[in-house]
Amino acid sequence: AIRRKTVPQIRNSKNKTPVVCLTAYHAHTARLVDPYVDLLLVGDSLGMVMHGMENTLGVSLELMILHGKAVMRGAQQSVVVVDMPFGSYEESPNVAFRNAARVIQETGCTAIKMEGGARMAETIRFLTERGIPVMAHIGLTPQSVQTMGGYRVQGRETDGWAALEEDARAVAEAGAFSVVLEGIAEPLAARITKQIDIPTIGIGASPTCDGQILVLEDMLGLNPTPPKFVKEFASLGAAIEGAAEAYAKEVRNRNFPAEEHTYAMKGNSSGT
Ligand code: KIV
Ligand code: NA
C-alpha cells in the first residue's frame with residue numbers, strides 16, 4: 001500500500017516546497033488527482049458545485065461525511081481534509097470536538113477545516129490538543145456571506161490589515177497546521193505568509209502564499225462563470241457538451257450501439 005502523507009509533513013514544508021492542494025468531492029476524481037497533490041480538501045463548496053445550492057450555508061454534517069467517505073475511497077496518498085459545515089462548530093469547543101470527531105471516525109480523513117480567525121482560536125487549540133488536526137481558513141470566508149453582504153476580497157485597503165494579521169497569528173498560535181487565505185490582496189497575503197510559521201494556502205490570494213488550492217471543477221473548466229483567480233487547466237465543460245452532442249446524434253442515427261457494444265447468444269448462434 002502507498003503511504004499517506006502526514007500533517008507534520010505539510011506543516012514542515014514551510015519555506016521548503018509549495019503545498020499543492022485541490023478540492024475533491026467524489027471517488028473517481030479523487031483517485032485521478034491523488035497522485036499529483038499533497039492535500040485534498042472535501043470543501044463545503046460541494047453544496048454549490050455538486051448540489052446546486054445558492055451558497056454553502058445549507059450543507060449538513062451528514063452530507064460532508066458522505067462525500068468525505070467517497071474521497072477517502074479514492075485517495076491513497078494525499079492528506080484528506082474535510083470542511084466543517086456552517087452550524088457544526090461555531091458555538092463552542094465542545095460542540096466542535098463532538099462533530100469533528102464524528103467526521104474523523106466515520107470518514108477516516110486526516111484532518112478538518114473550519115472558517116474563522118481569532119474568534120475560532122480557542123476551538124482550534126481545543127481540537128488540536130485532543131488529536132484532531134485543524135486547517136484554518138481566513139479572509140473571504142463564504143459561510144459569512146450574509147454578514148458580509150456578498151463575497152468581498154479582503155485587504156484591498158490597509159485599514160483592514162491589522163485584523164487579518166491578528167487572525168492569522170491567532171490560528172497559528174492555537175495550533176492550526178496550515179491556513180487557507182481566501183480572497184486576499186497580494187501585499188497582505190505576502191505579509192501574513194512572512195509573519196506566521198505555518199503554511200499559507202492561497203485561493204485568490206496571490207503567488208506569495210506557501211501553497212495553492214483551487215476547486216477542482218473550476219480548474220477543469222466546468223464552471224460557466226469562473227472567478228478571476230481561477231486558471232482553467234482543462235476544458236471539460238466543452239468536452240462534456242461535445243460528448244453529449246455526439247452521443248445524441250449516434251443514438252438518433254442508430255450508429256450507437258455498434259456490434260462491439262452488443263451481446264450475442266452464447267456459442268455461435270446469433271439470436272434474432
Ligand atoms: O469549500 C471549499 O472548496 C474551500 C476551498 C475553496 C478553500 O473552502
Ligand atoms: Na469551504
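Ser-45 sits in the loop that joins β2 to α3, where helices (H or I, at least four residues) and strands (E, at least two) are DSSP runs numbered from the N terminus. Ser-45 is buried, as 21 other C-beta atoms lie within 10 Å. Here a residue is buried if 20 or more other C-beta atoms lie within 10 Å of its own, exposed if 12 or fewer, and partly exposed in between, with C-beta atoms placed from the backbone. Leaving aside residues up to four places away in sequence, Ser-45 touches Thr-23, Thr-56 and Val-215; two residues are in contact if their C-beta atoms, placed from the backbone, lie within 7 Å. This is a predicted model, in which local features need pLDDT of at least 70 and side-chain atom pairs count only at pLDDT 80 or more, while totals for chains, interfaces and linings use all residues. Residues are numbered from 1 along each chain as its sequence is written, and chains are lettered from A and ligands numbered from 1 in the order in which they are written.

With 29 other C-beta atoms within 10 Å, Asp-44 is buried. The contacts of Asp-44, not counting residues up to four places away in sequence, are Thr-56, Val-59, Met-64, Asp-83 and Pro-85. According to an unreviewed UniProt entry, the annotation "binding site" covers Asp-44, Ser-45, Asp-83 and Lys-113. These residues span 70 residues in sequence, yet no two of their C-alpha atoms are more than 12.5 Å apart, so they gather at one spot. UniProt positions are given in the numbering used here, feature names are shortened, and annotations may be inferred rather than shown by experiment.

The unreviewed UniProt entry also places the feature "active site" at Glu-182. Glu-182 belongs to strand β6 (residues 178-182). Is Glu-182 buried or exposed? Glu-182 is buried, because 23 other C-beta atoms lie within 10 Å. Not counting residues up to four places away in sequence, Glu-182 touches His-137, Gly-139, Leu-140 and Thr-141, together with Ile-203, Gly-204 and Ala-205.

The annotated residues can next be placed relative to the ligand. Ligand 1 is surrounded by Thr-23, Leu-41, Gly-43, Asp-44, Ser-45, Asp-83, His-137, Val-180, Glu-182, Ile-203, Ile-213 and Val-215, a residue being near a molecule if its C-beta atom, placed from the backbone, lies within 6 Å of it. This shell divides into five nonpolar, four polar and three charged residues. In this scheme Ala, Val, Leu, Ile, Met, Phe, Trp, Tyr, Cys and Pro count as nonpolar, Asp, Glu, Lys and Arg as charged, and the others, Gly among them, as polar.

Two helix pairs are described next. Helix α4 (residues 61-74) and helix α5 (residues 93-107) have axes that come within 9 Å and cross at roughly 30°; axes are lines fitted to C-alpha atoms, for helices over the stretch in contact, and angles run from 0 to 180 degrees between N-to-C directions. The α4 and α5 crossing is right-handed, a term for a near helix turned clockwise from the far one by less than a right angle, with left-handed meaning anticlockwise. On the α4 side the contact involves Leu-61, Met-64, Ile-65, Gly-68, Lys-69 and Met-72, and on the α5 side Asn-99, Arg-102, Val-103, Glu-106 and Thr-107. By class, the residues of this contact are five nonpolar, three polar and three charged.

For helix α8 (residues 161-174) and helix α9 (residues 186-195), the axes come within 10 Å and cross at roughly 35°. The crossing of α8 and α9 is right-handed. Trp-161, Leu-164, Glu-165, Ala-168 and Arg-169 of α8 meet Leu-188, Arg-191, Ile-192 and Gln-195 of α9. This contact has five nonpolar, one polar and three charged residues.

Leu-127 lies in helix α6 (residues 121-128) and is buried, with 27 other C-beta atoms within 10 Å. By contrast, Ala-234, in the loop between α10 (216-219) and α11 (236-252), counts as exposed, with 11 C-beta neighbours inside 10 Å.

Overall, the protein chain holds 11 helices and eight strands. Its C-alpha trace spans about 75 × 40 × 35 Å along its principal axes. Of the 272 residues in the protein chain, 42% are buried.
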